[in-house]
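Please view the sequence and the structure together before reading on.

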Amino acid sequence: MKKILFTLMFLVSTIFAQETALISILKNISIPNVQNTINNADALKKDLNEQNFKKFLKSWKKVEAIYFAGEIDNDYLDSPRYIDVFHNLKEDLNEQMKRVIASKDDVNIALFKNSFKTINALEYVLFNDKEITTREKLLSIEIIKSIQSHLNDIKEVYTNYLKQKPKEEKWENAMIINTLVASTYRLKEWRIGDPSGNSSKYKDDIDNKRAEYFLSKNSFEAITSILDAHDEIMNTSNSYNFGKMAIESGAKAEVMEVQNAIKNAKIEVSKLKNDDFSNAKELYNSAKNLHNAYYLSLIEQLSVTAKILDADGD
Amino acid sequence: MNDLFALEYIINPNKRIFWVYIFTAIAISIIYYYYNSRGKRVILSSKLWLHPSAKLDYYYFFISYFIKVFMLIPIVISAKSIAFLVNKQLYLQFDYYENTYFSYEVVILMYTISLFIVSDFSRYWLHRFLHTIPFLWEFHKVHHSAKVLTPITFYRVHPIENLLFGLRYSLSIGLVTGVFVYFFGAMIDIYSVLGVNIIVFVFSILGSNLRHSHVPFSFGQRIEKWFISPKQHQIHHSRNFFNKNYGGTLALWDRVFGTLKLSKEVKVLKFGLRRNQMNEYKSIFDLVFKPFKLLAVKNIKNIKKGN
C-alpha cells in the first residue's frame, strides 16, 4: 500500500525546535560530512592507497547524496559534476584518462577538462593497473586538489547559509524532500538498476561494468554510504533532523516507513559481495520502496498552494 | 468551528466579500461617481439595498452557507485528492522526472499563472454550460433571478451549481497541481498576497464586488477585450445578453469563443428574468426547490408529448 509521508510536514512545525531542520542538518550533518571528506582527501594525498581511496569515496558519497548547496546558491548547482561524473558523461572517460597518463604534457595541461579532475578520473588513474607510477601520483594529487577546492566551496555555501537570514522553512523542507527523492531515484535506477538489469533502460541486461566504481570494486560501499546519509537525516536517534521534524508534525508512521526502507536496503546490500550485481533484485526493490516512500509524500504540501477565490459561480 | 461561520467571509481574503475588496469597491465607486453623477441616486437609495430581491440575497447567503458546509463540502472530492491521483498516475506511467532546468522562482511563477489561467478557463466553460444546457439552466436561473444586484448576489447560487463549481475547482486545481508536482516535486508554491494567488488578489481589489452592483464601471474598450470589467458582467446579467460575457476574469475566452460584449455596446441594463418567471423566485424555498419542480414539470410534459 502506498502511504503518504509527512502529513503536516509543510505546515510551520518547529514550535519546540530552536532551529529549522535544514539549519540543524547543515550544522550537524552536512558541514561535518564535507569536512570529513576534505580530511580524507588530505590523507589520500599523503598516501595513495586503496583504503584511503575507499574512505575518501565513502565520505564524498554522503556529501553528494544530500547535496543542498546548488539550491541554496545557484552558482554551485554544477559542483557535484565537477567532482563526480557518474552517469553524466557521454564520452569514455577511461579511454581519455589512458591518454592523459600516457601523455608527456605537464599535469596541469594534461588535466584540461573538468571531467579529468573528478573522482571517476582519479579511480582510473589509481586502479587501471596494480602499480601507481610517478606520473599517476602527480595526476592523482592534482585531481584531489581540484576536488578539495570544490569541497571547500560547498562548505563555504553551507557555512554562509548559517550566518545569513534563513529562507522560509517551507522552502527549506521542500528542498530537502526534493533532494531525498532525487537521491533515491539515482540510487535505485543508476547505481543499482543499471548494473543489475532492473532499470527500465537495461531491463534483464546485467553488466557489472555499469556499476559506479567497477574498477576499484567500491560500488556497494558507495551505496551503503548513500543509505547512511539518508539514515543520518531520517534516523530519530540522531540530532534534530528531517525525521524528527516530520514526527513533530504528526507523521510518525510515515517516518518509520522510511526508516524501515533504509534499514532493509542496508541489509540487502550487506548480503551482496565483490561488486557483483547479478543477485541485486531485492536491493533494487528495497531502494524502490525507499524512493516511493519519499516521493508519494510530496502531494501533502498542496493544501497551502492552490487557493483561488471562492469556489462559487459568477 | 470558528471557520464555520458565515461572517468569516468578511475576514477571509479567499472570499469575494473580504473587507479589503469591499473597501476598494467602495473607493472605486466614489471615484466613479465623482466623474459620473448619473445613477448616483440609485446606488445610495434604500430602495436598492432593501429591495425584496436584495433582502432575499442576504437571507439566502446564510442559508446557502450551511447547505454548502454541511451538505456539499463533505461530498465534493478535494483538489488535493485529484492532484494526488494525477501525480501518481504520471509517476506510474512515466516514472520519476527530475527538474534540473527551471529555478524555484520560475516554477512559482509558472504555477501561479497556470492555476489562474486553467481556473479561469474552466470557470468560463462551466458558466457557459450553465446557460446553454437546459437542465443546468434551471439551476443557474436562480442566480439570474436577482432583480437588483448587490455584492451578496454573488452567493445567490443554487446548491447544485455550488456542487458543480466545487467539482470544477477540484478538477482544475488538482490537475494543474498534480502535473506541477510531477515535474517539480515539492518546490511548488504560488506568489500570493494574504494567502491568495496574487493575480486573483489584484483583480479582486480592482472592483470585483462591483460586478454585482449598479455601478457601471467599465475598464474601457481596449482593456475589456482582455479582462472582464464590472460593467461587462452587469451586461451578462441583463435580460437580453445572458449569452454574453461568461468570463470570470479574462475576456479572452469570450473573444475566442464568440461571446464577448463590450460596455460601450450596451446602454440600458435590465436585470432579472422575464416578469412571469420572476414570480417563481420570491422566497428561499423557491430558490432551493423551484428548479427541481420546474424540471419535474418539464419531464412530465415531455413524457406526455412522447405518448
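Helices (H or I, at least four residues) and strands (E, at least two) are DSSP runs, numbered from the N terminus. The model is predicted: local features need pLDDT of at least 70, side-chain atom pairs count only at pLDDT 80 or more, and totals for chains, interfaces and linings use all residues. Residues are numbered from 1 along each chain as its sequence is written, chains are lettered from A and ligands numbered from 1 in the order in which they are written, and side-chain values use heavy atoms, with hydrogens and water left out.

**Chain A: fold and burial**

- Chain A has 13 helices and zero strands.
- Of its 314 residues, 57% count as buried, where buried means under 20% relative accessible area, exposed over 50% and partly exposed in between (1.4 Å probe, protein chains only).
- Helix α10(A) covers residues 219–234, and its end C-alpha atoms are 23 Å apart, which agrees with the 22 Å that its 16 residues should span at 1.5 Å a residue; the expected span is 1.5 Å times one less than the number of residues.
- Because 13 of the 16 residues of α10(A) are buried, this helix is largely enclosed by the rest of the structure.
- I66(A) sits in the loop between α2 (50–65) and α3 (69–72) of chain A, and it is buried, with a relative accessible area of 2%.
- The C-alpha atoms of I66(A) and I226(A) are 8.4 Å apart, although 160 residues separate the two in sequence.

**Salt bridges**

- Over all chains the structure holds 23 salt bridges, each being a side-chain nitrogen of Lys or Arg within 4 Å of a carboxyl oxygen of Asp or Glu.
- D84(A) and K61(A) form one at 2.8 Å, N to O.
- D84(A) lies in the loop between α4 (79–83) and α5 (93–102) of chain A and K61(A) in helix α2, so the pair ties together parts that are 23 residues apart in sequence.
- K61(A) also meets E212(A) in a salt bridge of 2.5 Å, N to O.
- E212(A) is in the loop between α9 (169–196) and α10 of chain A, so its pairing with K61(A) in helix α2 ties together parts 151 residues apart in sequence.
- Both K61(A) and E212(A) are buried, and so is D84(A).
- K61(A), E64(A), D84(A), R191(A) and E212(A) are linked in a network of salt bridges.
- K27(A) and E19(A) form another salt bridge at 2.8 Å, N to O; K27(A) is partly exposed at 42% relative accessible area, and E19(A) is partly exposed at 23%.

**Chain B: surface patches**

- Patches are made of residues with over 30% relative accessible area and no salt bridge, joining like charges within 9 Å and nonpolar side chains (Val, Leu, Ile, Met, Phe, Trp, Tyr) within 5 Å.
- Accessible areas come from the Shrake-Rupley method with a 1.4 Å probe, and for residues only the protein chains shown count as cover.
- L109(B), I113(B), I117(B), Y191(B), I198(B), V202(B) and L206(B) make a nonpolar surface patch of about 520 Å².
- α7 and α10 (198–205) of chain B each supply at least two residues of the nonpolar patch, and α7(B) gives the largest share, three residues.
- I117(B) is in helix α7 of chain B and is partly exposed, with a relative accessible area of 34%.
- F116(B) is also placed in α7(B), residues 104–132, but is buried, with a relative accessible area of 7%.
- R222(B), K225(B), R255(B), K264(B) and K267(B) gather in a surface patch of positive charge; Lys and Arg count as positive and Asp and Glu as negative, while His and the chain ends are not counted.
- The place of a charge is taken as NZ of Lys, CZ of Arg, CG of Asp or CD of Glu.
- K225(B) lies in the loop between α11 (221–224) and α12 (230–237) of chain B and is partly exposed, with a relative accessible area of 35%.
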